[in-house]
Amino acid sequence: MKTVISYHPISEKEIHNWYYNMDFSLISDDVNYSMIKTARAEKMNDESLKKYIKTMKQAVKTDSNAVFDSTHGFFIATIQNYFRQSFIVNVSFSRLIEQKEYFKEYTKPWEEILEKAGNFTFLNSLTTDTPSSGIYIPLEKVVELLNDYNGNLIVKKDIDDFFEQSNAKAFIESLNYAKENNTGLLEANGILKLELSIENDKNETLSKPTKAIDESQGLKDDPKSEVTAEKENKEKKSLFSRVFGSK
């Protein structure tokens, strides 16, 4: 297995509802009802719900002056996998911007996405040597980029030349998926892993969120844990104990 660059369809509203607007103080106190309610509304399965809660438990430990991209940005891309499909492309749009600066016009910085930016440092670019999020392409720019790719020979050539054939196909597929689902697209590194046996590092779409793993953050399944819909209305802290065992 090797870590790859991936793209995660998620809207700005979902960034807030699934992650950024969660009450981190309640999560620190093992009160998880809001996460469970959010996950159930999106029909998340029990295995992904356990990982969602565990990821959020780690996210609340982030320093208030940390680099956003390698902490919260990375966690946002991670939890996206628990809600819907993500895509292995293994070529960085952040690196394309370094070569062809006009592509930055298709992105939106975290400072404009977040309702409260806090004291974080924002890179708005992928860090390839450590797990992190990268650029974010909002929905309106997803649509614009697809239109330009299909109607502007310069844009198409620059993407095709940089991504190469199989990677370009996977990247355009991720854009089309984002457009069809009314989301933006978040770049990330260090979340998904690809079988080394795939010949010539052939890129494939990740069809099931449960295939996404994050070993760098220590997210592991607990085979003894199970969350059922009938348990949602019971006392919150005892629910956490049933999910992950007694603390």
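A residue is taken as buried when its relative accessible area is under 20%, and R84, at 14% relative accessibility, therefore counts as buried in this predicted model. The partner of R84 in a salt bridge is E14, with the closest N and O atoms 2.8 Å apart. E14 lies in helix α1 (residues 12-20), whereas R84 belongs to the loop between α5 (72-83) and β2 (86-88), so that the pair ties together parts that are 70 residues apart in sequence. E14 likewise counts as buried, its relative accessibility being 13%. The bridge is one of 10 salt bridges found in a search of the whole structure.

A further salt bridge joins D30 to K57, where the closest N and O atoms are 2.3 Å apart. This pair also links distant parts of the chain, since D30 is placed in the loop between α2 (24-28) and α3 (33-41) and K57 in helix α4 (residues 46-59), 27 residues apart. D30 is buried, with a relative accessible area of 3%, and K57 is buried as well, with a value of 15%.

Another salt bridge connects the side chains of E144 and K141, at 3.1 Å from N to O. Both residues lie in helix α8 (residues 139-151), where they are 3 residues apart, or about one turn of the helix. E144, at 32% relative accessibility, counts as partly exposed, and K141 is also partly exposed, with a relative accessible area of 22%.

Attention then turned to F120, which is placed in the loop between α7 (110-113) and β3 (132-137). With a relative accessible area of 15%, F120 is buried. When its neighbours within four places in sequence are left aside, F120 is in contact with Y20, T62, D63, S64, A66, F68 and H72. The C-alpha atoms of F120 and D69 are separated by 9.2 Å, although these two residues are 51 residues apart along the chain.

As to the confidence of the prediction, the mean pLDDT of the chain is 83, and 77% of its residues reach 70 or more. Over residues 196-247, however, the pLDDT is below 50, and this stretch has 104 contacts in the model beyond near neighbours in sequence. Where pLDDT is low, the predicted coordinates should not be read in detail.

Key:
Residues numbered from 1 in each chain as written. Predicted model: local features only at pLDDT ≥ 70, side-chain atom pairs only at ≥ 80, totals over all residues. Heavy atoms only, no water. Helix = DSSP H or I, 4+ residues; strand = E, 2+ residues; numbered from the N terminus. Buried < 20%, exposed > 50% of the residue type's maximum accessible area, 1.4 Å probe, protein only. Contact = heavy atoms within 4.5 Å. pLDDT = per-residue confidence, 0-100. Salt bridge = Lys/Arg side-chain N within 4 Å of Asp/Glu carboxyl O.
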